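Here is a briefing on one protein chain.

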Amino acid sequence: MSHNIKIRLAELKDIPKILAFIQGLAEYEKLTDQVIATEETLTNTLFSEKPYAEVLIAEYQQQAAGFALFFHNYSTFLAKPGIYLEDLFVAPEYRGKGLGKALLSYLAKLAVERGCGRLEWSVLDWNQSAIDFYQAQGAVMLDDWRINRLTGEQLKSLAKQSISGS
């Protein structure tokens with residue numbers, strides 16, 4: 001890895017840059033209309049007493065150049081925690097310098113250090129450059145699994161059907 005690259009855990013002062021990376025990722029994925037994150041909501045969910053995710057910042061020549069946002073999940077079959085990589089993004093002007101690989105290998109190191117059984121993520125099916133990159137790192141595409149999601153009104157509707165235990 002280049003001596004120009006540094007990977008570190010994000011700090012509260014990084015919130016504006018994290019939001020900028022999220023917006024850059026959304027633009028790349030043609031999903032800008034879906035971003036409702038703000039500096040306030042990121043502060044509350046990433047740096048509160050109970051953070052829901054962690055963020056790595058990739059620096060190139062001491063400039064924030066990319067990020068990886070991740071959180072722990074759990075494998076019942078392995079009976080071990082895992083790490084789920086929600087987003088990995090490198091600003092366009094810093095691509096091709098090894099930052100994506102540095103972020104992914106740092107996450108793999110964290111997973112091993114934390115006793116995790118796996119590191120997982122999703123990739124859009126049209127993003128062939130990302131697919132090729134991940135496979136070059138040894139990742140295996142799981143063709144027999146499909147992501148399911150509830151949001152908005154569908155999430156609220158199902159929640160209303162919950163049987164309370166109290």
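The model is predicted. The protein chain has 5 helices and 5 strands.

**Fold and dimensions**

- The order along the sequence is β-α-α-β-β-β-α-β-α-α.
- The radius of gyration of the protein chain is 17 Å. A compact globule of 166 residues would have a value near 15 Å, so the two agree.
- The C-alpha trace spans about 55 × 35 × 35 Å along its principal axes.
- Take contacts between residues at least 6 apart in sequence: 57% of them join residues at least 24 apart.

**Surface, burial and charge**

- Of the 166 residues in the protein chain, 30% are buried.
- The protein chain carries 17 positive and 20 negative side chains. The centres of these two sets are 4 Å apart.

**Aromatic pairs**

- The structure contains 7 aromatic pairs.
- One of them joins Phe-21 and Phe-67, with ring centres 5.6 Å apart and planes at 15 degrees. Planes under 30 degrees apart count as stacked, so this pair is stacked.
- The pair links distant parts of the chain. Phe-21 belongs to helix H1 (residues 15–28), Phe-67 to strand S3 (residues 63–75), and 46 residues separate them.
- Phe-21 and Phe-67 are both buried.
- Phe-89 joins the group: ring pairs link Phe-21, Phe-67 and Phe-89 into a cluster.

**Tyr-60, a buried strand residue**

- Tyr-60 lies in strand S2 (residues 54–60).
- Its relative accessible area is 14%. Buried means under 20%, so Tyr-60 counts as buried.
- Which residues does Tyr-60 contact, leaving aside neighbours within four places in sequence? They are Asn-4, Ile-5, Ala-65, Tyr-94, Lys-97 and Leu-99.
- Asp-125 is 65 residues from Tyr-60 in sequence. In space, the C-alpha to C-alpha distance between Tyr-60 and Asp-125 is 29 Å.

- Lys-30 is not a glycine, yet has a positive phi of about 60 degrees.
- Lys-30 has a relative accessible area of 64%. Exposed means over 50%, so Lys-30 is exposed.
- Gln-61 is not a glycine either, and has a positive phi of about 50 degrees.
- Gln-61 is placed in the loop between S2 and S3.
- The relative accessible area of Gln-61 is 49%. Partly exposed covers the range between the buried and exposed cut-offs, so Gln-61 is partly exposed.

**Two further loop residues**

- Where is Val-140? Val-140 is in the loop between helix H4 (128–136) and helix H5 (152–160).
- Val-140 is exposed, at a relative accessible area of 67%.
- Val-140 and Lys-50 are 90 residues apart in sequence. Their C-alpha atoms are 32 Å apart in space.
- Ser-48 occupies the loop between H2 and S2.
- Ser-48 is partly exposed, with 30% relative accessibility.
- Ser-48 and Asn-127 are separated by 79 residues in sequence. From C-alpha to C-alpha, Ser-48 and Asn-127 are 33 Å apart in space.

Conventions. Residues are numbered from 1 along each chain as its sequence is written. This is a predicted model: local features need pLDDT of at least 70, side-chain atom pairs count only at pLDDT 80 or more; totals for chains, interfaces and linings use all residues. Side-chain values use heavy atoms; hydrogens and water are left out. Helices (H or I, at least four residues) and strands (E, at least two) are DSSP runs, numbered from the N terminus. The radius of gyration is taken over C-alpha atoms; the globule rule is 2.2 Å times the number of residues to the power 0.38. Buried means under 20% relative accessible area, exposed over 50%, partly exposed in between (1.4 Å probe, protein chains only). Contact means heavy atoms within 4.5 Å. Lys and Arg count as positive and Asp and Glu as negative; His and the chain ends are not counted. The place of a charge is taken as NZ of Lys, CZ of Arg, CG of Asp or CD of Glu. Rings of Phe, Tyr and Trp (its six-membered ring) pair if their centres lie within 6.5 Å; planes under 30 degrees apart count as stacked, over 60 as edge-to-face and the rest as tilted.
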